[in-house]
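Open the model in your viewer and colour it by secondary structure.

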Amino acid sequence: MSCPYNNKPDTTTPHSNYRAMEDNIHTDFKDDMSYGDYLNLEKVLSAQHPLSEQHDEMLFIVIHQASELWIKLAGHELNEAINNIKTGDFGHAFKVISRVKQILGQLTQSWGILSTLTPVDYLKFRDTLGHSSGFQSYGYRKIEFLLGNKNSQLLKVHESNQTVHQELSHILHQPSLYDETLIALKSHGLNIDDNAIARDFSLPYQTNESVLTAWLTVYQNAEQYFHLYELAEKLVDIEDSFQQWRFKHMYTVQRIIGNKVGTGGSSGVGFLKKALDISFFPELFELRTQL
């Protein structure tokens, strides 16, 4: 039994709320890499710098910083998916696209945490944000371009950062995930108009009748074109998850600031609602009506 005046646990008698240190656990990291070293936690966990003395500003910062990390991972995976489809590695493409779907789900859940920020408490520090806004998120813009929502005007927001601007400009002019998918359709013998795949990729994608017909062929002959059929459903998964993220973002903003103008100068909720009308893969939804 342990002495009631001794704060040290009695390690000789088993206790349900005590776990002894195992002998082989490493404890000396003077000359070895630790968990914190590997993850650069000193930098990551010291990157939160509230500009006010309001308690809830920390929540606001952490949610957005964590979201940017998830967004970075989503971009990383989408790049891989594009390369996989280009090289015909559909199996790995399915894996990373499924991962993107889960990442988007994680991002959607984060809005639920932010929605605990009440309008009154947010207004206490909102002015400290200046003109900073999620609209300026480089990672988000990268995801949109990779998925095919191309808009060269959006690059203006990133002109102050040459490195970011150059990378986004490069992605803008490259085939998106959907562009590479349509090229794959063509390579599998499906009749796709050249103007649907040999085009200026920096321009927004326009619905094409030959693409709709090709997808109908794939869905009506799913066993013959199983990889393309499965790829199509994976893309629908992404759009579904992305739209849920968009909607939850819009609704959270509406819940906290109503119809106020955004800090970045947008119309706020009105601007976010318009994004819900944008489809990355329009023919994949139109074919459901045609089937």
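Helices here are DSSP runs of H or I with at least four residues, and strands are runs of E with at least two, numbered from the N terminus. With that in hand, read the protein chain along its sequence: the pattern is α-α-α-α-α-α-α-α-α-α-α-α-α. The count is 13 helices and zero strands. Keep in mind that this is a predicted model.

**Whole chain.** Select the C-alpha atoms of the protein chain. Along the principal axes they fill a box of roughly 85 × 50 × 40 Å. The radius of gyration of the protein chain is 24 Å, whereas a compact globule of 291 residues would have one near 19 Å. Of the 291 residues, 40% count as buried. Now show contacts between residues at least 6 apart in sequence: 69% of these join residues at least 24 apart.

**Two helices.** Next, select residues 177-187, which form helix α8, and residues 226-257, which form helix α11. How do their directions relate? The axes of α8 and α11 cross at roughly 165° and come within 11 Å. Angles over 145 degrees count as roughly antiparallel, so α8 and α11 are roughly antiparallel to each other. The crossing of α8 past α11 is left-handed.

**Their contact.** Finally, show side chains. Which residues of α8 and α11 meet? From α8, select Leu177, Tyr178, Thr181 and Leu185; from α11, select Leu228, Leu231, Leu235 and Ile238, which they meet. By class, this contact of α8 with α11 has seven nonpolar residues, one polar and no charged ones.

Conventions
Residues are numbered from 1 along each chain as its sequence is written. This is a predicted model: local features need pLDDT of at least 70, side-chain atom pairs count only at pLDDT 80 or more; totals for chains, interfaces and linings use all residues. Side-chain values use heavy atoms; hydrogens and water are left out. Axes are lines fitted to C-alpha atoms, for helices over the stretch in contact, and angles run from 0 to 180 degrees between N-to-C directions. Angles under 35 degrees count as roughly parallel, over 145 as roughly antiparallel, 65 to 115 as roughly perpendicular and the rest as oblique. A crossing is left-handed if the near helix is turned anticlockwise from the far one by less than a right angle, and right-handed if clockwise. Contact means heavy atoms within 4.5 Å. Ala, Val, Leu, Ile, Met, Phe, Trp, Tyr, Cys and Pro count as nonpolar, Asp, Glu, Lys and Arg as charged, and the others, Gly among them, as polar. The radius of gyration is taken over C-alpha atoms; the globule rule is 2.2 Å times the number of residues to the power 0.38. Buried means under 20% relative accessible area, exposed over 50%, partly exposed in between (1.4 Å probe, protein chains only).
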